Amino acid sequence: MVQSFTPRQRKVRILATLGPASANAEMIAALHRAGADAFRVNMSHGDHEGHAKVIAAIRALEKETGRPTTILVDLQGPKLRVGTFRDGPVDLATGATFVLDTDKAPGDATRVHLPHPELFAALEPETRLLVDDGKLVLRVKSVAPDRIETLVEVGGKISDRKGVNVPDVVVPLAALTEKDRRDLAFALDQHVDWIALSFVQRPEDVAEARRLIGGKAALLVKFEKPAGVARLEEILEIADAAMVARGDLGVELPPEAVPPLQKRIVAAARRMGKPVVVATQMLESMIVSPTPTRAEVSDVATAIYDGADAIMLSAETAAGAWPVEAVTMMDSIARSVESDPDYYRRLHFTETQPDATTADALAEAAGSIIETIAADAIICFTASGSTARRVARERPNAPLLVLTPKRDAARRMGLLWGAHAVPTKDIGSFEEMIAKGKRMALRHGIGKAGAKLVMMAGVPFGTPGSTNVLHVATLTGDELRGYS
């Protein structure tokens, strides 16, 4: 019996972060049933042994359900932190002088170790240091090879190993630390689907990660630093997907600057045909409450109206008290938004001009055919997933059934808007394409007798990047007769 599974009743994908509240097989299965299409494994926490168990549980769930399930490993990146304090947390008074230096001795109310020599070379007078997610603000007064003297502009409590953000300069830090390289090697050994690269500032950061990955996983770039956003298009050009990581963006930039940037990043990724994820604090109150605030619901809805491919839950599912409810709520919001009669009109506020390629011309034509003849679905045969990404970029008002002979390609589509990906044997002829497309549409509940299907593939079959066929077929409804 061929295993089949029904499409999600929404186009936007849901990415759920796993952690202490959800890193067991039972909870992962519950999150999947509630609507999680992809799972994020955060390498900032935990160890390889624990992560390996989580990844194994996801793969076991995939085997049980038949639905390709996406695993994204999020590398920690070069997080800057202060050292430790001799007598525990200290209070820094606004207007006081505070020194960060190269002395490894525990700190006090006047100084602390800063174990990042790159900062001593990069900082200049009047640049800012934001400590503990911006709760404290230090203004640099002078810089020497072994000490940075600052003025405390916004005081407060500071304690061991609090994070430091440097929004005003590009810090000459590699995007991949030694820990990241070890974590990346582990993730590739585990055959995960996506690698997320943190704190990207330059295209060179992405190129280095891509070289190390060597095609074994897709690469998602997190935009969380102003320097990275300043080179948005250059970075997107060599990435496979983008994430609007609003947590650190909201620390390094004024809060009011983040919403326009979110729209800019989403629109740029859509124009370039790269999946884009909106993340951080989407249903933050559901960490402790079974229901979100109305403002949070509106925030999630806005990302969906903007056309994001995926929306992400962080602490809500990793450490919160209501992980399943958070996924269920996100699923409900998405269904509500996508049932809005104005949804598709709003989606197309972002213009996606086709590139001068056959695949793009056919993808745009498929969207037009759907509208003109009220076709019921688009069926896309693809080896690499490239054709599916070009079709999804057009945001067609019809289900998108993606048939691929490569399971890893199907798994990567868990972050792609509208894609219902099914691993299946490759086709060898035009007639086989039509017959298989019809059978798979019926098997997966996409269309019934009389339904019109727009099919896309490449000839010669099995040749990646050769999309050059578009065909409209009509279901009779009996195509599965004789097939188990």
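How many cavities of 30 Å³ or more does a search of the whole structure find? The search finds four, a cavity being a set of points on a 1 Å grid over the protein atoms alone where a 1.4 Å probe fits but cannot get out. The structure is a predicted model, in which local features need pLDDT of at least 70 and side-chain atom pairs count only at pLDDT 80 or more, while totals for chains, interfaces and linings use all residues. Residues are numbered from 1 along each chain as its sequence is written, and side-chain values use heavy atoms, with hydrogens and water left out.

The second largest cavity holds about 150 Å³ of space, a volume being the space filled by probe spheres set on grid points that are joined across faces, edges and corners. This cavity is lined by 17 residues, of which R13, D37, R67, P68 and A419 are the closest to its centre; lining residues have an atom within 4 Å of a point.

The structure holds 38 salt bridges, each defined as a side-chain nitrogen of Lys or Arg within 4 Å of a carboxyl oxygen of Asp or Glu. One of them joins R59 to E62, with the closest N and O atoms 3.8 Å apart; R59 is buried at 16% relative accessibility, and E62 is buried at 6%. Another links D91 and K157 (3.6 Å, N to O), both of which are exposed. Here buried means under 20% relative accessible area, exposed over 50%, and partly exposed in between (1.4 Å probe, protein chains only). In a third, R211 pairs with E208 at 3.1 Å between the closest N and O atoms, R211 being exposed at 54% and E208 partly exposed at 25%.

Note on methods:
On a 1 Å grid over the protein atoms alone, a cavity is a set of points where a 1.4 Å probe fits but cannot get out, and a pocket is an open set with protein on both sides within 12 Å along at least five of seven lines; lining residues have an atom within 4 Å of a point.
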